[in-house]
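Student: Hi! Could you walk me through this model?
Tutor: Happy to, here it is.

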Amino acid sequence: MKILILSCNTGEGHNSAGKAVMEAALLRGHEVEFMDLMLLGGKTVSHMVGGAYISIVRHIPAFFSLLYKVGGLISSSTRKSPVYYANSLLAGRLDRYIKEHSFDLILTPHLYAAEVLTCLKHRGLLSVPVIAIGTDYTCIPFWEETDCDCYIVPQKDLLGELIHKGLPKKQLFPLGIPVKQAFSTQKKRSLARKLCRLPSDAHVYLVMSGSMGFGKVNLLVAELIRKLEADEYVVVICGNNRRLRQILQTTFGKNP
């Protein structure tokens with residue numbers, strides 16, 4: 001098959017899930033194209049959308065929380081939201097792109113792309129099957145206004161919430177979030193410790209905060225280090241947050 005995977009650069013979680021599907025599809029002999037949906041509007045649009053989202057989440061999380069709550073209040077399966085109409089502005093360009101390249105299947109790990117594809121479907125312009133992949137352990141606002149042929153969701157415990165929000169039960173498949181093949185490769189503990197320059201018999205705490213590295217990671221690390229025993233270590237993954245990495249290096253760089 002010829003498969004199109006549509007994502008959006010609002011954090012790497014969506015991209016990682018999409019690239020994991022691409023990796024698996026390529027191994028099975030399919031032809032796959034992975035694309036940032038917002039590039040259809042130009043690089044400036046892509047940078048603006050991705051940059052604005054990441055900046056809000058990282059620097060003014062209270063405002064993001066407010067937007068999320070407002071989204072929850074206006075989100076409905078019986079009407080379309082401003083988010084839907086904003087995304088639908090790319091419908092014409094996406095329609096032309098799909099028809100020019102004759103795809104057999106479209107997958108998207110991102111709400112925005114699902115919105116645009118829903119718009120095309122309701123206009124009678126889309127005959128290609130669409131699979132949506134959820135990457136959140138909840139039903140985020142606006143998924144219920146999409147109309148995809150199939151929804152891959154992280155776990156079965158989410159089914160009740162998704163159905164309550166208005167998504168069709170028969171189109172929900174709790175298969176998990178796709179991950180790269182490398183995560184299925186078992187490594188020897190001793191080799192992993194050697195690669196990470198950690199004592200083989202130490203106790204290690206791993207702190208992660210997504211690709212954006214947001215949250216009060218430095219405070220968590222400070223509290224962990226304050227309570228560490230002699231044979232305990234902390235490993236922190238900062239994602240793309242260079243400022244967080246600099247803060248941690250400045251504060252704890254000399255701590256063994």
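Predicted model: local features only at pLDDT ≥ 70, side-chain atom pairs only at ≥ 80, totals over all residues.

Student: Which residues of α5 are buried?
Tutor: Ala91, Leu94, Asp95, Tyr97 and Ile98 are. Buried means under 20% relative accessible area, with a 1.4 Å probe and protein chains only. Helices here are DSSP runs of H or I with at least four residues, strands are E runs of at least two, and both are numbered from the N terminus.

Student: Where do they sit, seen down the axis of α5?
Tutor: The buried residues of α5 fall within an arc of 165°, so they line one face of the helix. That arc is taken from the directions from the helix axis to the C-beta atoms.

Student: And what covers them?
Tutor: The cover includes β1 (2-7), β2 (31-36), α4, β3 (105-108) and α6.

Student: At what angle do α5 and α6 pack?
Tutor: α5 (residues 91-101) and α6 (residues 111-122) pack at about 80°, and their axes are 10 Å apart. That makes α5 roughly perpendicular to α6, a label for angles of 65 to 115 degrees. The axes are lines fitted to C-alpha atoms over the stretch in contact, with angles from 0 to 180 degrees between N-to-C directions.

Student: Which residues make the contact?
Tutor: α5 brings Ala91, Leu94, Asp95 and Ile98, while α6 brings Val116, Leu117, Cys119 and Leu120. Contact means heavy atoms within 4.5 Å.

Student: Switching topic: which residues touch the most other members in the largest nonpolar core?
Tutor: Leu94, Ile98, Ile106 and Trp143 do, in a core of 37 residues. The largest share, 7 residues, comes from α6. Such a core is a set of buried Ala, Val, Leu, Ile, Met, Phe, Trp, Tyr and Cys residues joined through side-chain atoms within 4.5 Å.

Student: What is Ile98 in contact with?
Tutor: Leaving aside neighbours within four places in sequence, Ile98 contacts Leu4, Phe103, Ile106, Leu117, Leu120, Leu126 and Val128.

Student: Last one: is Ser81 buried or exposed?
Tutor: Ser81 counts as buried, because its relative accessibility is 2%. Ser81 lies in the loop between α3 (61-74) and α4 (82-87). Not counting residues up to four places away in sequence, Ser81 touches Glu115, Phe142 and Glu145.

Methods:
Residues numbered from 1 in each chain as written. Heavy atoms only, no water. Parallel < 35°, antiparallel > 145°, perpendicular 65-115°, else oblique. Buried < 20%, exposed > 50% of the residue type's maximum accessible area, 1.4 Å probe, protein only.
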